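Subject: Structure handover

Dear colleague,

Please find the structure below, with my notes after it. Could you read the two side by side?

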Amino acid sequence: MKYLVTGAAGFIGMYTAKRLLEAGHEVVGLDNLNDYYDVKLKHYRLSLLLKYENFHFQKLDLCDNNSIDRLFASEKFDRVIHLAAQAGVRFSIEKPFTYTESNITGFLTILEGCRNYGIQHLIYASSSSVYGMNPKVPFATTDPVDHPVSLYAATKKANELMAHTYSHLYGIPTTGLRFFTVYGPAGRPDMAPWLFTEAILSNKPIKVFNNGEMERDFTYIDDIVEGIYRVKDLIPKYNQEDSLTSPETSTAPYKIFNIGNNNTEKLGDFIKAIEDACGMDAEKKFMPMQKGDVKRTFADVSNLEKAISYKPSTKMRDGVKLFVDWYVEYKSANK
C-alpha cells in the first residue's frame, strides 16, 4: 500500500516509515525540518530512509493547506499515519502559538486531505499527557481526559475531538494512539535520556525535577512502532452498539488506544540505568516541579492487547543501554 507518514524526520516517524518500507510498502515522508532541535539529527534520520527505493521525501509545512491538498491529489495515498506535531510539554508554555499552528491547524489540514481523497485509515499520535493529573492509575482510555495541565496536552485532546468529528461527519476511520514517554536510539535531544546521558558523559550535573519524585511509563521505540504497525490494519467501523459514555467509545468509526509499557518506573531508577550504561555516576541538581508537568504516567494497555494481541515488553534497563550505546556512536561520528 501507499502511506503518507508525516513527521518522517522525527523520532517516531522515522522508525514507523522504516518499518513500513521494510515490509514492502511505499512511503511518502513529509516533514518541515524545523529547528526546534538540531536539524542535523533530522537529516541523520532521513538518511536512513533515503536508502529505500520505495521512499520519497516531501519538505512541506502542514499549515500550507494548498500544497498539502495537491500532495494528496497527486499521490493518491491509501492510508495516512500522522506523527508530525510540535512536541514538548514545557516548550508549549513558552511558544503557545507554535502549538496551535502545528498541532491544530496542521491536523485539520490532514483531516481535510483524508476527507477529500478517500483515505482508508488515519492513524494519528495523541499523548499520555491528555490524562493530566489523573489520580487513578494505571491510566485507561475509559478515563475522563477533561483536565489537561499544558497547552501541548490540550492540543492532543483537541486532535482526538477533531478526529471524532470527521469520523462522525464523513465516515473517515480514525485511530488515535496515546504514546507514553517514548525513548530509544535517535530520540529527541530535549528528552530525559539524551539530556541525562549528555550531562553525565560531560561530567555536568543533571537537573532532577520535583526532587526526583517522578514516575514514568517509559516505552521503547520498537514497541511503539510495532503497535502502530499492527493497528494500521485494524480499521474502525461504524458500531451502533457503542455508546458515547467514555472517551474511547463511539458509534462512529473511531478508536483510541494507549501504547505504553504497562509499567511505571521511578525517575531515580531510570537515572541509575543511565549511570550504569555510561559507567559513571551523575551529579544531581534537584529542582522543583515544572509547570505543565505531571508526577506520574502509567498505561493500561488492556484494550490494545485485546485488539491486536500485543503489548510492549522491552525492559527499561535494556532500552536505556541501547540508547546510550547509540548516543556514544552518534556523537563520535558527528564531532
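This is a predicted model: local features need pLDDT of at least 70, side-chain atom pairs count only at pLDDT 80 or more; totals for chains, interfaces and linings use all residues.

Residues are numbered from 1 along each chain as its sequence is written, and side-chain values use heavy atoms, with hydrogens and water left out.

Helix α11

Helices (H or I, at least four residues) and strands (E, at least two) are DSSP runs, numbered from the N terminus. Helix α11 covers residues 316–333, and its 18 residues should span 26 Å at 1.5 Å a residue; the expected span is 1.5 Å times one less than the number of residues. The end C-alpha atoms of α11 are 26 Å apart, which agrees.

Buried means under 20% relative accessible area, exposed over 50%, and partly exposed in between, with a 1.4 Å probe and protein chains only. In α11 the buried residues are Met316, Gly319, Val320, Phe323, Val324, Trp326, Tyr327 and Tyr330. Viewed down the helix axis they fall within an arc of 170 degrees, so they line one face of α11; the arc is that of the directions from the axis to the C-beta atoms. An α-helix has 3.6 residues a turn, so residues three or four places apart point the same way. Exposed Glu329 and Ala333 sit on the face of α11 turned away from its buried side.

Contact means heavy atoms within 4.5 Å. The cover over the buried residues of α11 includes α2 (39–49), β7 (182–183), α7 (192–201) and α9 (267–278).

The buried residues of α7 are Pro193, Trp194, Phe196, Thr197, Ala199 and Ile200. Their cover includes α2, β7, β8 (206–208), α9 and α11. After α7 comes Asn203, with a positive phi near 55 degrees.

On a 1 Å grid over the protein atoms alone, a cavity is a set of points where a 1.4 Å probe fits but cannot get out, and a pocket is an open set with protein on both sides within 12 Å along at least five of seven lines; lining residues have an atom within 4 Å of a point. Grid points are joined across faces, edges and corners, and a volume is the space filled by probe spheres set on the points.

The structure holds one cavity of 30 Å³ or more. The lining of the largest cavity includes Val182, Tyr183, Pro193, Trp194 and Phe323. The elements giving two or more residues to this lining are β7 and α7.

Asn258 lies in β11, residues 254–259, and is buried at 0% relative accessible area. Its side chain makes a polar contact of 2.8 Å with that of Tyr131. Such a contact is a pair of N or O atoms within 3.5 Å; within protein, one must be able to donate a hydrogen and the other to accept it, and residues adjacent in sequence count only if both atoms are side-chain atoms. A polar side-chain atom of Asn258 also lies 2.9 Å from the backbone oxygen of Phe139.

Cys114

Cys114, in helix α5 (residues 96–116), counts as buried at 2% relative accessibility.

Regards
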